[in-house]
Amino acid sequence: METELFLGFNVYAWITIITVLGMFSTMLLTKLRADVVFLAAIGVLYVTGVLDAKEAFSGFSSTSVVVIGVLFVVVAGLTYTGVLQWIVRHLLGQPNSYGKAVVRLMLPVAGLSSFLSNTTVVAMFVGIVKMWSRKLGVSPSKLLIPLSYASGMGGVCTLIGTPPNLIISGLYADKTGEAMNVLATTIPGLFCLFIGVLSVIAMRKLLPDRKAPESAFEATSEYTVEMLVPSDNKYIGKKIGDTDLFHVKGGSLIGMYHFDNVPAPIDKDEYLMGGDRLVYAGQIDEILELSMNHGLVSSDHHVFSLNEVNVHNPLRTAYVTFGSSLIGKTIAGSSFEENNNVTLLAVARRGERISEPPRQVVLKAGDTLLLSCPSKLDTTTGPLATQLHFFDSDQVVNIGPKTLISAIIMIAMVALSALGVMPLLQCAFIAAAVMLLLRCCNVEQAMKAINWEILMVFAGSVVLGLAIQKTGIAERLATGILNVCGTNPLVVMTAICFVGTFITEFISNTAAGAMFFPIMYEAAEKMGYEPYPFLIALMVSVSSSFATPIGSPTHMLVYGPGGYRFSDFMRIGLLMNIIILAANIFIVNIVYPLTPLP
């Protein structure tokens, strides 16, 4: 290994530091897929000699990464048999106060997130919470942030609840040869959840009271819709003032574009030509009736006959996700509609209809789109799922005997692992196999449920942690922290957890866990303490991201539906970060007292 030092780091350490900084900067500032960025980082570390071939690709054989992949199949069985739907149906109820509503919402969500994918749980609950909030007379924005927070806090209650727990516990097992119990984080996680629920209720005035974005598309609200005049339309060659297209029931013509995209004046004497695009503002039912009665079609592309477009496609509401390639673009300037066989009808932002022609609107993250879609459009996989999130597309499942069977399989898996009967990986494989054998899900559904992009990120995170440890970065940083904070274990634990909590607001919590594992482990050993309690505290801290919508995928899921602004998360989230950090340090040191190394 290179011995020349600069600021205490050798050349391989600097290559690792530059790679890590470049990787995180790329993910923050570009729209490149995270798995591509992590794979490129692994390539750099391997080509430059920082890691050998076995080390560079060790993440793909890591026990924790394999467990995560197998658990995707188990979760698929629970999803397709309606376990989530059954729980939602029986637990929310009709509370008579905001505080009770928060409790009725956050506890079940946290419980489910302890065993299932946080993203799956939140995606399932978003639409339900929006309908529930109407019944309670509460703005959805008052409940959707607590929904996302609950999923994150519930996830830390078990090792399988959130990826960083599996990554950190896996690295600990590799380092010591001892496996953590699947319920190792349960008591600290439940205590932090209890404090979190009370904090949300106490700070409810900091939660914004936003208008629901899709309210812009309700029958009593106006929106814009773009229609195209096909070449066989009976009104071609007539002045638009002489047709029924100028003044329409329940709306008005606000824009007109000829076939070559040249804006035309809104004038009664303007002649109508084939290929013209007419932009209306009005009520949804009135405009759709207009299109059918007057031979107009949705303006997704130039057509030559009315029969070429199905005007009976259902309407769907979707939200532009963070990282979507549509951000900063207009639909007119892309092939999005043609590629996905959808038609944009209207755009709303923070609950307000945008009066511009919808295909000319420069899109932002969280924008609400009203789309005309094929009835069998798959919105859960493929390129469309990476651009938009649909909340009216949950698969309809039948609750029946298999609902109970899949729930029993999950409970048995956790119980066998927690009691030490067999390792978690074996339990997960058996659970996944039984789910398939008993047809709780089929092979195709199981394969679709495996998120290969996420697995690539997890594998890359393991390799990243290995490089940080091998090059001496972890030891050097641990020494620097001890020089600044002294040798008081509580101070050091708090300092590293504090940095971890705020770092995970901007990078993957999995990557944060892998990056801080060797630092926390080295710091604990240098002070002469068993690293176990320090790592439990680290698990909770890297999953406690409350202050930015990009801090967690679940925050991104609720950002659009809640009509939030970026600053809305910071108002309550910064305080939540500090509160949960304090609760975390307090409870971990009670449940797992610091023990000197022998």
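Here are some questions and answers about the predicted model shown above.

Reader: How many helices and strands does the chain have?
Author: Both kinds of element are DSSP runs numbered from the N terminus, helices being H or I with at least four residues and strands E with at least two. On that basis, the chain has 23 helices and 10 strands.

Reader: What percentage of the 598 residues counts as buried?
Author: Buried means under 20% relative accessible area, exposed over 50%, and partly exposed in between (1.4 Å probe, protein chains only). With that cut-off, the buried share of the 598 residues is 55%.

Reader: How many salt bridges does a search of the whole structure find?
Author: A salt bridge needs a side-chain nitrogen of Lys or Arg within 4 Å of a carboxyl oxygen of Asp or Glu. Searching the whole structure gives a total of three.

Reader: How many residues apart in sequence are the parts that lysine 470 and glutamate 55 tie together?
Author: Lysine 470 and glutamate 55 form a salt bridge, with their closest N and O atoms 2.7 Å apart. Lysine 470 belongs to helix H17 (residues 452–470) and glutamate 55 to helix H3 (residues 53–56), so the parts they tie together are separated in sequence by 415 residues.

Reader: Which helix holds both glutamate 444 and lysine 448?
Author: Their side chains meet in a salt bridge of 3.8 Å, N to O. Glutamate 444 is exposed at 53% relative accessible area, while lysine 448 is partly exposed at 46%. The two lie four residues apart, about one turn, in helix H16 (residues 443–449).

Reader: What accessible area do the residues of the nonpolar surface patch have together?
Author: Patches take residues with over 30% relative accessible area and no salt bridge, joining like charges within 9 Å and nonpolar side chains (Val, Leu, Ile, Met, Phe, Trp, Tyr) within 5 Å. Areas come from the Shrake-Rupley method with a 1.4 Å probe, and for residues only the protein chains shown count as cover. Phenylalanine 60, one of the members, is partly exposed at 38% relative accessibility. Together Leu39, Tyr46, Val47, Phe57 and Phe60 have about 490 Å².

Reader: What distance separates the C-alpha atoms of leucine 424 and valine 182?
Author: Leucine 424, in helix H15 (residues 424–437), is buried, with a relative accessible area of 14%. Counting contact as heavy atoms within 4.5 Å, and leaving out residues up to four places away in sequence, leucine 424 touches Val67, Ile160, Leu166, Val182 and Ser417. Although leucine 424 and valine 182 are 242 residues apart along the chain, their C-alpha atoms are separated by 7.4 Å.

Note on methods. Residues numbered from 1 in each chain as written. Predicted model: local features only at pLDDT ≥ 70, side-chain atom pairs only at ≥ 80, totals over all residues. Heavy atoms only, no water.
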